[in-house]
Protein chains: 2
Amino acid sequence: MANFDLMRRLTLDTGGKILLLVMDGVGGLPREQGGPTELEAAHTPNLDRLAREGSCGLSIPVTRGVAPGSGPAHLALFGYDPLVYEIGRGVLEATGIGLAVNPGDVAIRGNFCTVDGNGVITDRRAGRISTEEGAKRVELLQGISLSGVQFDVQIAKEYRFAVVMRGEGLNSAIADTDPQQTGVKPFPARALDPAAEKTADLTNQFLAEVAKRLKGHEPANMATLRGFAIDPALPKYADVYKLKAACVAVYPMYKGVSGLVGMDIIETTAHDTTADEFNRVAKIWDKYDFVFCHIKYTDSRGEDGDFDAKVKVIEGVDEALPILLDMNPDVMIVTGDHSTPATYKAHSWHPVPTLLWAPETHMTDRAEAYGERECMTGALGHFMAADLMPLALAHAKRLKKFGA
Amino acid sequence: MANFDLMRRLTLDTGGKILLLVMDGVGGLPREQGGPTELEAAHTPNLDRLAREGSCGLSIPVTRGVAPGSGPAHLALFGYDPLVYEIGRGVLEATGIGLAVNPGDVAIRGNFCTVDGNGVITDRRAGRISTEEGAKRVELLQGISLSGVQFDVQIAKEYRFAVVMRGEGLNSAIADTDPQQTGVKPFPARALDPAAEKTADLTNQFLAEVAKRLKGHEPANMATLRGFAIDPALPKYADVYKLKAACVAVYPMYKGVSGLVGMDIIETTAHDTTADEFNRVAKIWDKYDFVFCHIKYTDSRGEDGDFDAKVKVIEGVDEALPILLDMNPDVMIVTGDHSTPATYKAHSWHPVPTLLWAPETHMTDRAEAYGERECMTGALGHFMAADLMPLALAHAKRLKKFGA
């Protein structure tokens with residue numbers, strides 16, 4: 001498993017350029033006994049060529065049998081043991097939309113909701129209002145400051161927003177106020193530790209102010225808060241790997257994790273296609289040692305249980321791949337953060353098909369295509385996802401020999 | 001490796017039913033260069049079908065290159081790192097025959113032996129007397145109590161019995177009294193730690209009483225003691241996995257380990273055939289979430305060095321397998337606790353062929369049969385035996401996602 005002291009000791013500040021392409025939830029399962037998985041069913045001549053030329057294997061995100069959330073799964077791909085480094089949801093949400101979380105701050109994820117005249121929740125997602133409508137409500141919540149603590153509020157997507165509390169003596173040990181059901185009032189903020197009493201009080205004052213300001217702004221006339229969290233102070237890419245790194249991703253949460261490990265977050269739009277994202281990568285390629293590019297919709301279609309649609313997303317990635325190949329990366333890795341089999345409709349624990357292509361240094365194996373069963377026979381075997389970064393650095397000739 | 005804090009956090013109390021079938025020492029080696037192993041030579045259409053449909057792999061019991069005893073090998077299969085959790089032999093023996101070992105007790109394994117008029121051992125196993133004869137000697141040793149410490153004695157099998165000392169201030173740091181050879185007297189009990197002096201004294205008084213009571217009862221006219229041990233206080237299945245679990249095994253030692261992890265021990269007889277054991281599993285299947293079924297004779301025939309007889313035992317298991325398959329388990333695992341190649345005549349370190357069949361969640365691989373070389377190509381790769389339980393739970397849909 002990646003060991004940052006060892007990495008700091010061995011990494012060079014020169015070497016090849018690394019591209020990490022993550023197709024979220026790419027791993028799958030056969031739809032019927034004896035049939036192909038999503039990846040195996042997809043027509044992917046470019047990915048198959050990389051697999052044939054390079055090294056393949058199966059990546060274990062956290063530990064065998066454990067299906068990870070997106071946060072821990074990406075931390076692992078970035079080289080951080082997700083059982084050692086945990087990031088609170090509030091921090092992920094805030095940093096993902098560019099809202100800085102500094103030491104001492106408390107970050108929170110907020111959902112607009114609808115309440116009736118008695119304050120009882122009738123819709124936990126405020127009718128899934130548009131991002132534009134959500135942004136209007138966020139405007140109403142600007143500039144709240146209580147007892148010297150400032151509440152920065154920013155829209156994330158649709159009914160979701162982030163809050164960052166900035167001030168002295170804050171503590172994140174606070175239970176969610178979202179009751180996870182309708183027909184009841186939101187919970188008041190409750191301290192899980194005596195040291196968080198002050199923060200809980202301030203949160204309740206903030207929620208009272210939110211109720212006042214959103215009054216009459218149905219369907220988003222109230223909010224619930226969850227995932228209270230502080231900056232996890234993760235070691236940074238520049239420090240542990242000596243890499244100048246960037247992230248190209250559409251969804252806030254992946255930008256969030258990338259920001260926390262010190263990557264520059266490249267601007268994207270919610271409408272970016274795979275080709276748009278790849279073009280953004282190509283545009284910044286000269287300026288970085290490492291670029292992480294995230295494709296969301298493999299996971300989304302897997303969660304929908306739509307096998308054929310997931311196949312199509314994969315085929316779209318393959319079709320656009322020449323944009324990336326034309327950059328001539330020294331190391332190109334294609335993997336997923338976890339599997340999301342369409343038959344399972346959720347993140348799963350199945351090891352993730354991974355290919356590592358580095359023409360100057362890769363070992364060629366017998367895998368003939370990028371797919372689950374081909375990867376089982378590959379040069380990388382089964383490996384922990386957190387070992388992928390050392391492998392990437394090695395193949396980029398960025399690691400010194402250990403010992404004399 | 002299984003992490004119980006993580007398991008406690010992720011396990012659900014609902015999900016599929018799991019069957020763990022362990023053929024003791026099932027892994028083998030080719031009898032001649034280029035030939036099949038025992039498993040590969042055996043005609044096993046049922047096991048081969050499960051292997052073809054499900055996921056195969058090779059399990060590493062303790063760590064690469066290390067051949068385990070039965071205790072640690074089973075602990076590993078149950079999810080306990082055997083380098084972290086160790087069970088003394090005395091505890092295994094006592095719990096295996098239903099003699100409770102409570103916190104504070106010291107459990108010991110006893111062997112009846114034959115001594116001459118000078119107390120010199122002439123037969124370390126008392127002519128391998130029958131269990132019936134052994135039980136008669138144990139009758140003579142009932143009710144011994146010294147300085148408030150009670151000695152509970154119970155027959156195990158043939159010349160073997162168990163002793164549990166119950167009282168205050170006991171300590172198990174005592175060397176074996178069995179000299180492991182004839183022509184010498186048994187050693188006195190000797191404390192390996194000053195804190196065990198009192199227990200050593202009491203043990204020597206007990207042995208003097210044993211000598212007195214067994215006098216004239218040749219060939220079992222004395223006893224040696226070994227494996228002094230205390231309750232290892234293992235986390236229990238109900239606690240760490242939220243599983244109601246049962247064990248069907250014929251030999252005491254496997255019942256012992258199962259009892260220590262909190263499984264209910266189903267009554268069996270020493271004459272149970274494989275089919276008898278499977279029928280016992282079928283009979284209790286409705287009442288449990290998890291059943292462990294243990295087949296002893298693969299190991300015994302391996303230790304005998306009888307390749308063909310081991311093949312026959314395996315074929316017998318395959319033949320009886322429909323009894324288990326008719327139960328429609330959600331997850332069925334077939335494995336061994338270690339390898340016992342007939343050519344090696346002993347437990348070995350070779351990774352153990354393992355198949356995991358879970359029609360709703362398994363990944364199909366290219367393994368076409370249940371055997372060593374097919375398992376090398378499988379979806380599970382090489383894995384630590386202690387990771388098998390998380391895999392079983394995941395495939396039974398009994399684990400929540402880790403993190404958001």
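Let's start at one spot in chain B of this predicted model: B:Leu19 stands opposite B:Val291, a residue of strand β11(B). The strands that meet around here are β1 (residues 18-23) and β11 (residues 290-295) of chain B, and they pair in the parallel sense over 6 bridges. In general, strands of a sheet pair through backbone hydrogen bonds, either parallel or antiparallel.

Now zoom out to the whole sheet. It's an open one in chain B, built from 8 strands with mixed pairing, and the order reads β10-β9-β11-β1-β12-β13-β2-β14. At the edges you'll find β10 (264-265) and β14 (381-384) of chain B; each has a single partner strand, so one side of each is left without a neighbour in the sheet.

What packs on this sheet? Helix α3 (residues 45-53) of chain B does, touching β2 (55-60), β12 (331-335) and β13 (352-357) of chain B. The direction of α3 makes about 70° with that of β13(B). Then there's helix α15 (residues 388-395) of chain B, which lies across β1, β2, β12 and β13 of that chain and runs at about 155° to β12(B).

Over in chain A, let's look at a pair of helices. Two packed helices are described by the angle between their axes and the distance between the axes. For α10 (residues 274-284) and α12 (residues 307-320) of chain A, the angle is about 35° and the axes are 9 Å apart. Their crossing is right-handed. Which residues make the contact? From α10(A) come A:Thr274, A:Ala275 and A:Phe278, and from α12(A) come A:Gly316, A:Val317 and A:Ala320.

Notes. Residues are numbered from 1 along each chain as its sequence is written. Chains are lettered from A and ligands numbered from 1 in the order in which they are written. This is a predicted model: local features need pLDDT of at least 70, side-chain atom pairs count only at pLDDT 80 or more; totals for chains, interfaces and linings use all residues. Axes are lines fitted to C-alpha atoms, for helices over the stretch in contact, and angles run from 0 to 180 degrees between N-to-C directions. Helices (H or I, at least four residues) and strands (E, at least two) are DSSP runs, numbered from the N terminus. A crossing is left-handed if the near helix is turned anticlockwise from the far one by less than a right angle, and right-handed if clockwise. Two residues are in contact if their C-beta atoms, placed from the backbone, lie within 7 Å. Two strands pair if DSSP finds at least two bridges between them.
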